[in-house]
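The sequence and the structure are shown first.

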Amino acid sequence: MCLDDGRGLTPFNRPAFMPFLTTRTFPGIGYLQAIVLEAIGTFLLMLVIMGAAVDERATPGFAGLTVGLAVAGIITTIGNLTGASLNPARTFGPYLGGLAALGREPRGFLPIYIIGLIVGAVIAALPYDYLTVE
């Protein structure tokens, strides 16, 4: 079964069912835009996780609700633009599954979800101690 036109499976010529298998950007969203959006989403999520689940001063018992609401808000905001990965494993796993099942995967999108997520998490983690000094 041939899944492409001979040029290889890329993010721009993948079969119609591929969006259900992999994280992808909305058509018209560029690489830099997607990286920035993923970095912002991961930044917000990391701040919420560190403030609600990791910080010893956080009110006990509300971390799950707080993180869940943050994830829902971030996905609602950037989900239709970038797929809202928020976790490199969320992108890499389906890509690996696509590779195993189809023999190919749309590698073109993977850097978005690696670079953006690392940048967002690092930017959130570095100033956290400074922002929470009593």
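In this predicted model, residues 24 or more positions apart account for 73% of the contacts in the chain with a separation of 6 or more. The chain contains five helices and zero strands, and along the sequence these follow the pattern α-α-α-α-α.

The chain-level values are collected below.

| Property of the chain | Value |
|---|---|
| Share of the 134 residues that count as buried | 34% |

**Packing of H1 and H4**

Two packed helices are described by the angle between their axes and the distance between the axes. Helix H1 spans residues 31–54 and helix H4 spans residues 110–125; they pack at an angle of about 40°, and their axes lie 7 Å apart. Angles under 35 degrees would count as roughly parallel, and 65 to 115 as roughly perpendicular; H1 and H4 are therefore oblique to each other. The handedness of the crossing of H1 and H4 is right-handed.

On the H1 side, the contact is formed by Tyr31, Ala34, Ile35, Glu38, Ala39, Thr42, Phe43, Met46, Leu47 and Met50. These residues meet Ile112, Tyr113, Ile115, Gly116, Leu117, Val119, Gly120, Ala121, Ile123, Ala124 and Ala125 in H4. By class, the contact of H1 with H4 comprises 17 nonpolar residues, three polar residues and one charged residue.

Technical notes. Residues numbered from 1 in each chain as written. Predicted model: local features only at pLDDT ≥ 70, side-chain atom pairs only at ≥ 80, totals over all residues. Heavy atoms only, no water. Axes fitted to C-alpha atoms, helices over the stretch in contact; angles between N-to-C directions. Helix = DSSP H or I, 4+ residues; strand = E, 2+ residues; numbered from the N terminus. Parallel < 35°, antiparallel > 145°, perpendicular 65-115°, else oblique. Left-handed = near helix turned anticlockwise from the far one by under 90°. Contact = heavy atoms within 4.5 Å. Nonpolar A, V, L, I, M, F, W, Y, C, P; charged D, E, K, R; others polar. Buried < 20%, exposed > 50% of the residue type's maximum accessible area, 1.4 Å probe, protein only.
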